[in-house]
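Take a look at the structure first, then read on.

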Amino acid sequence: MVTYSIVTSVIGISSAAFILLMIKKHQMYVNYTIWWLCVSFAMIIFGIKPQFFDSIVKYFGVSYPPTLLFLVAILFLFIKILFMDIERTKHEIRIRRLVQRVSILQAALDEKLDTDDVREYNE
Amino acid sequence: MNKVLVIIPAHNEEALLPKTLQELKQLNAYDVLVVDDNSYDNTLKYLKSENVKHLSLPCQLGAWGATQTGLRYGVSQKKYDYFIAFDADGQHDSMTIDLLLYSLIHDEADLVIGACPERGSLCRKIAWRLLRLTSGLNVKDLTSGFRAYSFRAASLLSSAQASGLDYQDVGVLCFLRKAGLRIKEVEVCMRPRSEGKSRIFCSWFSVVQYMVYSLLLAVSNFRIR
């Protein structure tokens with residue numbers, strides 16, 4: 001039982017440390033960090049004391065604790081990925097709009113400054 | 001006199017674009033704008049050397065993305081009343097542009113499709129029927145790239161909402177129907193492609209991809225005629 005606790009706490013704490021490091025190094029956009037901070041917090045708690053989860057499960061009337069853990073984990077991943085794709089769609093549209101605008105602006109620029117150095121810059 | 005802008009989306013069309021442009025030039029009735037969809041052949045070079053009015057996209061956006069760029073440009077110029085989408089590969093006859101414009105000028109529709117229901121293989125006809133059935137659109141030639149847009153249709157279609165679309169057919173038509181605009185079809189002759197292929201109906205993979213995409217869009221936009 002002791003070794004099991006050690007393994008889970010090492011996994012939990014190192015994941016949390018990695019996430020916090022990423023946040024500190026500004027490798028992650030601040031809005032996304034809230035989600036990952038919650039995840040790392042949960043990882044530390046359940047890593048250090050896995051029995052804590054078993055005691056929660058009792059209140060839900062689930063006979064086999066890991067099933068609830070998997071259900072919750074998959075549910076959270078599902079929500080996260082769904083929102084990621086919604087976000088990605090927004091980005092895709094934004095990129096397309098920008099690409100279109102760049103071409104329109106470039107045409108206007110070419111028209112206005114029909115000089116050699118601008119042409120060179122375009123090519 | 002109404003000002004008309006002919007928008008030609010072009011992706012690697014160096015072989016056929018010059019002839020198409022020459023035909024339009026001979027008519028001398030419309031402004032022409034070529035939207036180069038990030039071609040990797042000499043299309044852009046040709047446009048620059050011939051001093052054709054053009055926009056060049058830094059990334060490939062597909063036929064609809066290129067057409068929309070032209071619409072955005074045309075709407076922002078504030079001097080055009082009607083917009084024509086025209087294929088670069090010489091499929092469409094420039095003499096028939098007036099047929100499409102006629103319905104717009106007489107305010108019979110906001111979007112006129114130059115339709116040629118006879119063309120196409122059995123596969124294409126099945127695809128059309130399926131899409132018509134699932135979307136509830138009463139349009140015979142769904143995939144035609146030959147279209148005339150009123151200013152109102154063009155400004156609606158230059159919105160960011162329409163930038164999420166990948167093809168100009170089902171998505172664009174449903175978008176305009178939702179906005180309450182009138183869609184009309186006019187039958188025109190189309191020439192068979194002498195060279196080059198349809199961008200959609202060129203391989204089984206892209207056909208399947210296109211059909212899944214369009215069916216999803218059609219079903220989600222279903223409306224009883």
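## A buried arginine

A residue counts as buried when its relative accessible area is under 20%, and as partly exposed when it falls between that and 50%. Keep in mind that this is a predicted model. A:R96 has a relative accessibility of 13%, so this residue is buried. A:E92, at 37%, is partly exposed, and so is B:D166 at 32%.

A:E92, A:R96 and B:D166 are linked in a network of salt bridges. Within chain A, A:R96 pairs with A:E92, their closest N and O atoms being 2.9 Å apart. Both sit in helix α4 (residues 65-112) of chain A, four residues apart, or about one turn of the helix.

A:R96 also forms a salt bridge with B:D166, with the closest N and O atoms 2.7 Å apart. B:D166 lies in the loop between α6 and α7 of chain B, so this pair joins two chains.

## Where the chains touch

How many residues does each chain bring to the contact? Chain B gives 20 and chain A gives twelve. About 1400 Å² is buried between them, with carbon and sulfur atoms giving 55% of that area. On the chain B side, B:L61, B:R72 and B:S163 lose the most area, together 35% of what that side buries.

Between the two chains there is one salt bridge, plus eleven residue pairs in polar contact. Helix α3 gives the largest share of chain B's side, five residues.

Definitions and conventions
Residues numbered from 1 in each chain as written. Chains lettered and ligands numbered in written order. Predicted model: local features only at pLDDT ≥ 70, side-chain atom pairs only at ≥ 80, totals over all residues. Heavy atoms only, no water. Contact = heavy atoms within 4.5 Å. Buried area = accessible area lost by both parts, 1.4 Å probe. Salt bridge = Lys/Arg side-chain N within 4 Å of Asp/Glu carboxyl O. Polar contact = N/O pair within 3.5 Å; in protein donor to acceptor, adjacent residues only side chain to side chain. Buried < 20%, exposed > 50% of the residue type's maximum accessible area, 1.4 Å probe, protein only.
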